[in-house]
Amino acid sequence: MRNPVEGKNIIVIGSGIGGLSVGILLSILNFQVTIVEKNPLPGGLMRSYRRNDIDCPVGVHYVGALGNNEPLGIMFHALGIPVEELFVPMGENGIIDRYIFDDLTFDLPTSIDALEDSLRKTFPQDKPALNFIMTNLREISGKMVDLSFLLSQGNPFQNMDYYQPMGELLDSLGTSAGLRAVLAVPCNLIGVPLDDCPVIFHHMVLASYLFSSWRLKESGSKMTDIFVNRFEELGGKLILNDGVKKISSAEGKVAGVILESDTALSADCVVAAIHPKTLLRLLDKDVLRDSHQRRIQGLKETEGVIAVQVSVDAATHPAIDYNIYRLHRDEKGVIQDGVFYQVKGTNSPGVNLLSIITKSLYSDWSQWQNTSTGKRGREYEERKMNIAENLLMKAEKIFGNLSNARVLDVYTPLTIRDYVNAPEGSCYGIMRSSRQLLKAISLNNIPIPGLCLAGQNAIAPGVMGCLFGSFNAARQIIGTERFAQIIK
């Protein structure tokens, strides 16, 4: 969408954090907003689910930059979402993440200054490279707290070197294998390999957690409820359990949607907080040029994950205020595989939750590709449990005896695919790699009047990326100048 919308009636497809946040923002801007969701409950990957009365997270394990004058905190404030009611700060002991390699343990600290000190002490041979990297990191983090960054008034990152692959930059600087491995970890948080991750995305992810890092006080379901309540108190309408089967158009522009129930809803604008490949299936074939459709269909997805939720004895395995990454790298510093661990408290007395997440390719589950959740059979369940037991054995090397641990749930890329209509079950959506960055950026200029994208596929993945996408959608709908005036 290239011109502001005339009219006040907006339909948002999808009620994840991207859909709900754009719905809230547009309601604040005096639009009449209806959010349509295919599932019985709102929230998408933001919502947690319960097993044995324990809340298990899906997409929100920890977030960065939620402080009062930090990017995500500013956006939450603009939406009227109370940070203190939802989140608690991490890093009480000065650690956000612990990276455990075979030959090195590195603790990610709670500020850019502390990171620089730690990197210089750990990798003294990389002094010239660190001079360059830390200068870039500080410059980008400074721009992230500039209001023009949020308002999208021009491009705040004019330096084209910021768009080269991070791996290429490290090659040019001659960094050691150890430093390369440590700096590769933030790329995993957006699902892009170091060798293809733009410097700008790497530095933004890293900087956001160094601003401040936060975990949910309670659950993703509580977070969803607060977003939904805020949306509805502003007059928004939420339709559940009735997905969109078609986006209708008339006279060359969007006219509304038709739901699975055959209900027709008219609209002056439709915001698609869904995957762009899913969006294509909702459009008439002649609405977009073949070349544009092929560009979207050809977008590469980030890799999927398998997640194991485990209940553990709280006395033996107390909650840990930081996350743990167990990583394996080759002699060049390229991370070959890794596992994410988080241990947090629950509402069940004497029980903590251990979350284990690692990479799992969609192709690994091709045998069940044409099945749906809950109907995949015994062999699928046995395969999941075998992987879960193997991951528990590996976890014992870090946490000690887990013989009394109980596997509550295991989800795979197929689970994510069916839940949020994500092709190939990717948690992070399309890959924001240097190789396909121009294709990804073009998604923000869908040449259909009255249609725009939100959610993590619009700008960037993660909670912050979703909210950037929401603010960008609102800017497109009301125009850049008016948006800047109102948000300021």
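Mentor: Helices (H or I, at least four residues) and strands (E, at least two) are DSSP runs, numbered from the N terminus. This is a predicted model, in which local features need pLDDT of at least 70 and side-chain atom pairs count only at pLDDT 80 or more, while totals for chains, interfaces and linings use all residues. Residues are numbered from 1 along each chain as its sequence is written, and side-chain values use heavy atoms, with hydrogens and water left out.

Trainee: Which residues of helix α4 are buried?

Mentor: In helix α4 (residues 112-122), the buried residues are Ile112, Leu115, Glu116 and Leu119. They cover an arc of only 100° around the axis, so they lie on the same side of α4; the arc is that of the directions from the helix axis to the C-beta atoms. The general idea is that an α-helix has 3.6 residues a turn, so residues three or four places apart point the same way.

Trainee: What covers the buried residues of α4?

Mentor: Contact means heavy atoms within 4.5 Å. The cover includes β8 (105-108), α5, α8 (177-188) and α9 (199-211).

Trainee: How many aromatic pairs does the structure hold?

Mentor: Rings of Phe, Tyr and Trp (its six-membered ring) pair if their centres lie within 6.5 Å; planes under 30 degrees apart count as stacked, over 60 as edge-to-face and the rest as tilted. The structure holds 12 such pairs. One of them joins phenylalanine 76 to phenylalanine 87, edge-to-face, at 6.1 Å centre to centre and 70° between the planes. Phenylalanine 76 belongs to helix α2 (residues 71-79) and phenylalanine 87 to strand β6 (residues 87-89), 11 residues apart. Both phenylalanine 76 and phenylalanine 87 are buried. Tryptophan 368 and tyrosine 380 also form an edge-to-face pair, with 5.4 Å centre to centre and 65° between the planes. Because tryptophan 368 lies in the loop between β18 (351-359) and α13 (377-399), and tyrosine 380 in helix α13, this pair ties together parts that are 12 residues apart in sequence. Tryptophan 368 is buried at 6% relative accessible area, and tyrosine 380 is buried at 2%. Elsewhere, ring pairs link Tyr62, Tyr99, Phe106, Tyr209, Tyr325 and Phe340 into a cluster.

Trainee: Which residue lies over the face of tryptophan 365?

Mentor: A charge sits over a ring if NZ of Lys or CZ of Arg is within 6 Å of the ring centre and within 35 degrees of the ring normal. Arginine 383 lies over the face of tryptophan 365, at 4.7 Å from the ring centre. Lysine 8 lies over the face of phenylalanine 31, at 4.5 Å from the ring centre.

Terms used:
Buried means under 20% relative accessible area, exposed over 50%, partly exposed in between (1.4 Å probe, protein chains only).
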